[in-house]
Amino acid sequence: MTRLFALLACTALTAGPALADKIFVSNEKSNDITVLDGTSFEVIHSFAGGQRPRGITASPDGRFLYVCASDDDLVRVFDTETYEELPSLPSGPDPELFVLHPSGNPLYIANEDDNLVTVVDVETRQVLAEIPVGVEPEGMGITPDGSIVINTSETTNMAHFIDTETYEIVANVLVDQRPRYAQFTSDGSVLFVTSEIGGTVSVIDPEAREIVHKITFEVPGVLPEALQPVGLKVTEDGSTIYIALGPANRVAVVNGETYEVEDYLLVGQRVWQLAFSPDERFLFTTNGNSNDISIIDVAANRVIKSVQVGEQPWGVVAIASQ
């Protein structure tokens with residue numbers, strides 16, 4: 001028994017530390033990426049992210065981080081363990097948001113200045129297609145099976161349905177003013193498009209390609225023009241929708257069946273984008289004017305912490321430990 005105890009003690013002493021999830025935040029003014037420990041929520045590192053880093057996402061296996069370096073006209077690529085910069089990807093001018101195919105390749109990038117969606121092979125780093133869309137393309141979403149990619153054009157006020165095989169636009173849905181973000185439910189049965197200036201979220205039937213409902217917002221003491229929906233995330237089971245309301249400094253909590261707003265959570269200033277932790281226990285918000293992220297306990301629908309990051313945090317993504 002003594003020998004067994006000694007062996008176990010030795011194993012405990014020599015075992016490496018448990019790996020934690022990581023949270024990556026793009027800071028568009030300080031031109032860097034802040035890294036937080038996904039368990040303690042403490043800042044553990046920061047590194048240069050190129051000029052005006054905004055859109056940010058990770059490969060499905062969590063090994064690679066992709067960052068829209070908008071003023072570099074590139075997508076910068078980093079190793080999520082070492083933070084080493086890897087060869088960048090061509091993006092077209094002024095990349096702002098993008099979405100990865102569920103398989104991890106290719107990458108679909110909105111080019112706001114050229115009214116294009118650029119499709120890039122992340123392995124060969126070659127441009128596969130440039131798809132003309134509406135004026136000022138912004139939001140990007142993709143069906144769970146990867147067959148249709150959505151682009152929203154801010155000035156044309158449309159959600160464009162693009163076939164990922166042919167790179168052709170197969171449908172356009174008119175939404176309210178300045179659409180910012182597109183997100184499908186995990187089963188692909190519903191598409192949500194936020195309209196920043198219109199102040200609504202369009203609920204779209206992807207099969208019929210028509211709006212079936214519009215989510216609206218009302219917060220006592222907050223001017224209607226400050227209720228500007230931007231980022232949006234849906235729980236895996238579709239039961240709850242979280243919507244960042246920009247200068248209203250609130251995240252709306254919406255019932256996924258009735259589309260009724262159930263609560264407004266007060267977060268930092270100018271809440272912009274959202275990301276779930278890998279286990280969906282927490283939701284992270286980027287607050288551009290208070291230079292922090294807010295951490296929401298999803299089960300309790302309660303803000304539990306804010307953490308200072310870089311200047312003007314824009315995007316956020318969380319990855320599971322490797």
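1. Tyr-242 and Phe-276 are both buried. Buried means under 20% relative accessible area, with exposed over 50% and partly exposed in between, using a 1.4 Å probe and protein chains only. This is a predicted model: local features need pLDDT of at least 70, side-chain atom pairs count only at pLDDT 80 or more, and totals for chains, interfaces and linings use all residues. Residues are numbered from 1 along each chain as its sequence is written, and side-chain values use heavy atoms, leaving out hydrogens and water.

2. The structure has seven aromatic pairs. Rings of Phe, Tyr and Trp (its six-membered ring) pair if their centres lie within 6.5 Å; planes under 30 degrees apart are stacked, over 60 edge-to-face, and the rest tilted.

3. Strands (E, at least two residues) and helices (H or I, at least four) are DSSP runs, numbered from the N terminus. Phe-41 is buried at 8% relative accessible area. Phe-284 is buried too, at 1%.

4. Back to Tyr-242 and Phe-276. Their ring centres are 6.0 Å apart and their planes at 80°, so this pair is edge-to-face. Tyr-242 belongs to strand E21 (residues 240-244) and Phe-276 to strand E24 (residues 271-276), so the pair ties together parts 34 residues apart in sequence.

5. One aromatic cluster is formed by Phe-24, Phe-47, Phe-78 and Tyr-83.
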